[in-house]
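Please go through the model below with this report in hand. It takes up local backbone, cross-links, packing and confidence in turn.

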Amino acid sequence: MPDSERYHEGEAPHRGRLHRAVAQAATLALGIGVLVGVAGAPASAADPPPETTTGACQFTSTPDEPPARPVSLPPDPRHTPDRGTATVLLRTNHGPMFLTLERTKAPCTVLSFMHLVRHGFYDRTICHRLTAYPTLKVLQCGDPSGTGEGGPGYKFKDELPTDLPPAPTDPTGVRRVYPVGALAMANAGPDTNGSQFFLVYGEAFLRPNYTIFGRLGPVGLTTLNEIAAGGVQPTPEDPHPVDGPPALPTKIKKAEITRHP
């Protein structure tokens with residue numbers, strides 16, 4: 001990533017593990033920490049060809065990135081439901097989080113998320129990443145492998161926000177304010193959405209490259225703030241980290257749809 005994109009201390013919610021050598025080198029050179037996205041291994045001749053659904057969302061399998069937990073491609077009707085909302089309850093070990101999913105903003109993302117919830121994809125999973133940078137405060141979840149690299153074995157297109165206000169401290173003028181309580185997709189580049197998502201608990205100034213598909217209610221924000229207040233898990237190399245697993249281990253015990261009009 002070029003230096004011009006590193007104006008804040010943290011990198012955005014990409015899928016991928018923290019590569020410590022790269023992060024340390026960047027810290028020495030630029031005074032910042034970096035989370036590096038990891039691309040999937042190149043497909044071999046033995047890999048089956050990708051499968052793509054025929055509806056408007058065109059969910060596409062990723063043979064080189066198999067699912068972290070078995071799940072089928074989502075249904076993909078000719079007309080994707082694009083009105084109204086649905087509510088998903090995340091039962092965590094720190095309390096409930098009610099998520100309001102907004103079809104008008106991101107119909108394909110909501111369709112995929114509800115499909116994964118229905119099939120128990122998020123049950124008994126951890127939230128693997130908490131960031132506490134001044135301009136990036138999010139909790140990232142949605143990978144059954146717990147590594148930050150896992151997904152559902154398929155990808156789908158972005159449904160990017162167009163109405164976010166500009167970040168007030170960004171000299172480049174390209175970053176936007178992802179509001180507190182926003183529910184958005186993590187990704188590994190354009191049109192690589194899968195299962196990982198993040199919840200915003202404080203200032204999050206990001207390029208508008210991440211689909212917002214819902215919001216967290218007041219009860220969920222209380223739970224999220226409790227997790228965030230615990231900080232990031234320290235390591236022998238860094239006793240006061242600002243990016244890594246939450247110090248209060250966070251588990252989604254069960255995800256369930258509670259309202260589906």
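Where is Asp191 found?

## A loop with a positive phi

Asp191 sits in the loop between strand 9 and strand 10. The structure is a predicted model. Phi of Asp191 is near 60°, a positive value in a residue other than glycine. Most residues other than glycine have a negative phi. Asp191 counts as partly exposed, because its relative accessible area is 39%, and the band for that class runs between 20% and 50%.

Thr192 lies in that loop too, between strand 9 (182-185) and strand 10. Thr192 is buried, with a relative accessible area of 17%. This follows because the cut-off for buried is under 20%. The Thr192 side chain reaches the backbone nitrogen of Ala188 at 2.9 Å.

## Gln58

Gln58 also has a positive phi, near 50°, and is not a glycine. The residue lies in the loop between helix 1 and strand 1. Its relative accessible area is 49%, so Gln58 is partly exposed.

## Disulfides

How many disulfides does the model have? The count comes to 2. Counting bonded cysteines along the chain, the pattern is 1-2, 3-4.

Cys57 is joined to Cys108, with S to S at 2.0 Å. This bond links distant parts of the chain, 51 residues apart. Cys57 is in the loop between helix 1 (20-30) and strand 1 (60-61). Cys108 is in helix 2 (residues 107-118). The link is left-handed, with -90° about the S-S bond. Cys57 is buried at 1% relative accessibility. Cys108 is buried at 3%.

Cys127 is joined to Cys141, with S to S at 2.1 Å. Their positions are 14 residues apart. Cys127 is in the loop between strand 4 (125-126) and strand 5 (129-131), while Cys141 is in strand 6 (residues 136-141). The torsion about this S-S bond is about 95°, so the disulfide is right-handed. Relative accessibility is 5% for Cys127, which counts as buried. Cys141 is buried as well, at 1%.

## Nonpolar cores

Which residues touch the most other members of the largest nonpolar core? They are Leu99, Leu101, Phe113, Phe197 and Phe213, in a core of 40 residues. Helix 2 gives the most to this core, with 7 residues.

A second, separate core has 14 residues, including Val138, Leu164, Phe198 and Val200.

## Aromatic pairs

The model has 10 aromatic pairs. One of them is Tyr122 with Phe197, an edge-to-face pair at 5.5 Å centre to centre and 90° between the planes. Tyr122 lies in the loop between helix 2 and strand 4, and Phe197 in strand 10 (residues 197-206), so the pair ties together parts 75 residues apart in sequence. Tyr122 is buried, with a relative accessible area of 1%. Phe197 is buried too, at 0%.

Phe198 and Tyr210 form an edge-to-face pair as well: 6.1 Å centre to centre, 80° between the planes. Phe198 is in strand 10. Tyr210 is in the loop between strand 10 and strand 11 (212-216), and the two residues are 12 apart. Both Phe198 and Tyr210 are buried. Elsewhere, ring pairs link Phe113, Phe121, Tyr122, Phe197 and Phe213 into a cluster.

## Confidence

Mean pLDDT of the protein chain is 86. Of its residues, 82% reach 70 or more.

Two stretches call for care. Over residues 1-9, pLDDT stays under 50, and the model has 26 contacts beyond four places in sequence for them. Over residues 17-43, pLDDT again stays under 50, with 48 such contacts in the model. Where pLDDT is low, the predicted coordinates should not be read in detail.

Methods:
Residues numbered from 1 in each chain as written. Heavy atoms only, no water. Disulfide = S-S within 2.5 Å. Helix = DSSP H or I, 4+ residues; strand = E, 2+ residues; numbered from the N terminus. Buried < 20%, exposed > 50% of the residue type's maximum accessible area, 1.4 Å probe, protein only. pLDDT = per-residue confidence, 0-100. Contact = heavy atoms within 4.5 Å. Core = buried A, V, L, I, M, F, W, Y, C linked by side-chain atoms within 4.5 Å. Phe/Tyr/Trp six-rings, centres within 6.5 Å; stacked < 30°, edge-to-face > 60°. Polar contact = N/O pair within 3.5 Å; in protein donor to acceptor, adjacent residues only side chain to side chain.
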